[in-house]
Amino acid sequence: MSVIAAAALVISGCSAPAEITASAIVAGRAVIPGETETVYCEYFLPQDPGTMHVLYFAPDGEKIAEKRLEAIAPGSAIQEQRLPQVFQQDFRSGELRETVWESGAWRIRYQKAENQALREVVIDDSEIDVIDAGFDAYVREHWQALASGAELGFLFASPPHGRSIRLRATSVACEPPDSALCVRVDLAQPLLRWIAGGDILLRYSTVDSDGVTKDKNALAPMPRLQRFTGVSNLLDDSGEPQRLQIDYFYR
């Protein structure tokens, strides 16, 4: 449960420096599905309209990872970017994930640990539709189609795989049923499903800023991601993929 104070965004089970909780506009709390113990917390801090920093903290307050999202068009709002540049580093293992725009193509760099080789590939921009947190903008862009039951296919940049992978998204019934829109994302390529760790389930709010709940088929001013369940973009302490539930809280 979130506790929102005048000066800080404070989440039960999370610990971060006061200057971080005071600046964050969104915070996420990750747990293993079905459990209650906090695995890590993430804080989103806007730097300017085109840049967002995401800081990850262990429950004891240690900063374990950091990510920077950058719009490729100057002055563009980062929250509306399906294709942000991404620079992510895990301070525990040295894992590095980068997706960088370079003159009509994307350079994807991945290093699983600091003692392992850095891999790089260059992928044409026509082969990537969504990058990292840009999926949130993608859902809002296609909100009405998803709410109407359409199945959407898209190419998602995956640094660990060194390629783009074809995913599909469709709305599913929310449990328990309410006015939220729930979206399931899975791999359209069956041979890769054993790698992905299962489907991703995202739960969105359709509550307007004035507290009025809208019909899910009507585009709210800013639909908000309430919960993510799936393989996280952070590895566990052993350097392995982990399936988590992340609940998001907003200032």
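Some housekeeping. This is a predicted model, where local features need pLDDT of at least 70 and side-chain atom pairs count only at pLDDT 80 or more, while totals for chains, interfaces and linings use all residues. Residues are numbered from 1 along each chain as its sequence is written, and side-chain values use heavy atoms, with hydrogens and water left out.

On the overall picture, we've got four helices and 16 strands, taken as DSSP runs numbered from the N terminus (H or I, at least four residues, for helices; E, at least two, for strands). Of the 251 residues, 45% are buried.

Back to Cys174. It sits in the loop between β12 (163-172) and β13 (181-187). Beyond its neighbours within four places in sequence, Cys174 touches Ala180, Leu181, Cys182 and Arg203, a contact being heavy atoms within 4.5 Å.

So who does Cys174 form a disulfide with? That's Cys182, with the sulfur atoms 2.2 Å apart; the cut-off for a disulfide is a pair of cysteine sulfur atoms within 2.5 Å. The torsion about that S-S bond is about 120°, so this disulfide is right-handed.

There are two disulfides by that rule. Cys14 and Cys41 form one of them, sulfurs 1.8 Å apart, and with -75° about the S-S bond that link is left-handed. Cys14 is in the loop between β2 (9-11) and α1 (18-23) and Cys41 in strand β4 (residues 38-48), so the pair ties together parts 27 residues apart in sequence.

Technical notes
Buried < 20%, exposed > 50% of the residue type's maximum accessible area, 1.4 Å probe, protein only.
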